[in-house]
Amino acid sequence: MRASIFRSPVAWAGLATVVVVAVLAAYWFQPWKLFTDTYVDEALPPAGVTPAATTPMSTPQSPTASATTPAVNEILAAGEFVTHEHETTGSAEIVRLANGRHQLVVKDLKTSNGPDLRVWLTDQPVTRGTAGWRVFDDGEWVELAKLKGNKGNQVYELPASVDPRDFRSVSIWCKRFAVSFGAADLTST
């Protein structure tokens, strides 16, 4: 009797449908990422240190140098990650480099790996628990890059058009499911 089931075209169509749905679900959810980690250990910019390349010893300080550009790297805002959809720990800092550029520095990040994770700066406050999972795309946000790794230290350049004062938090955002894995309030230092 079982052999006759697979002689039917309807049974083959049903089996093909199940296989296609399983492949699409695997692609969409990428469950294997829950069991894999990507470690990143990038060099972090030192705060309060004048990079040697920006201050040549033989050239006197230009009188036209901008008063708003610090002579050292400066932490403008910082915060600790809180857990949203997946347990997330670590810290985030907005650093203004001595050359005037800005970077987001993520230290000691630990979160789950997932499909399509991004690093977002947002104007939304961080709310703990499930109430904070989906708020970050409600206001203004800028995507800095895909998350380089779900563990470790990483640095992201802020585009020159981005004023870090316009943003108050950073989120590890799952673009595929529109949910925050974790986020940090960025408090001025």
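# Aromatic pairs, cores and salt bridges

Me: How many aromatic pairs does the structure hold?
Reply: The model is predicted: local features need pLDDT of at least 70, side-chain atom pairs count only at pLDDT 80 or more, and totals for chains, interfaces and linings use all residues. Residues are numbered from 1 along each chain as its sequence is written, and side-chain values use heavy atoms, with hydrogens and water left out. Rings of Phe, Tyr and Trp (its six-membered ring) pair if their centres lie within 6.5 Å; planes under 30 degrees apart count as stacked, over 60 as edge-to-face and the rest as tilted. The number of aromatic pairs in the structure is three.

Me: Is the pair of Trp120 and Trp173 stacked or edge-to-face?
Reply: The ring centres of Trp120 and Trp173 are 4.6 Å apart. Their planes stand at 20°, so the pair is stacked.

Me: How many residues apart in sequence are the parts that Trp120 and Trp173 tie together?
Reply: Strands are DSSP runs of E with at least two residues, and helices are runs of H or I with at least four, numbered from the N terminus. Trp120 lies in strand 5 and Trp173 in strand 8, so the separation in residues is 53.

Me: What is the angle between the planes of Phe136 and Trp173?
Reply: Phe136, in the loop between strand 5 and strand 6, is 37 residues from Trp173 in strand 8. Phe136 is buried (under 20% relative accessible area, with exposed over 50%, partly exposed in between, 1.4 Å probe, protein chains only), since its relative accessible area is 0%. Trp173 is buried too, at 2%. The pair is edge-to-face, 6.4 Å centre to centre, and the angle between the planes is 85°.

Me: Which residues have the most contacts inside the largest nonpolar core?
Reply: A nonpolar core is a set of buried Ala, Val, Leu, Ile, Met, Phe, Trp, Tyr and Cys residues joined through side-chain atoms within 4.5 Å. The largest has 24 residues; among the elements giving two or more residues to it are strand 2 (74–83), strand 5 (117–122) and strand 8 (169–174). A second, separate core of seven residues includes Val82, Trp120, Phe136 and Trp173. In the largest core, the residues with the most contacts are Phe81, Leu104, Val119, Leu121, Leu144 and Val170.

Me: How many residues apart in sequence are the parts that Glu42 and Lys148 tie together?
Reply: A salt bridge is a side-chain nitrogen of Lys or Arg within 4 Å of a carboxyl oxygen of Asp or Glu, and the structure holds nine. Glu42 and Lys148 meet in one at 3.0 Å, N to O. Both are partly exposed, Glu42 at 28% and Lys148 at 34%. Glu42 lies in the loop between strand 1 (39–41) and strand 2 and Lys148 in the loop between strand 6 and strand 7 (151–157), so the separation in residues is 106.

Me: Which residue forms a salt bridge with Arg165?
Reply: Arg165 counts as exposed because its relative accessibility is 71%. The closest N and O atoms are 2.9 Å apart, and the residue bridged to Arg165 is Asp163.

Me: Which residues are linked in a network of salt bridges?
Reply: Arg96 and Glu74 meet in a salt bridge of 2.6 Å, N to O, and this pair ties together strand 3 and strand 2. The network of salt bridges links Asp116, Arg118, Glu143 and Lys175.
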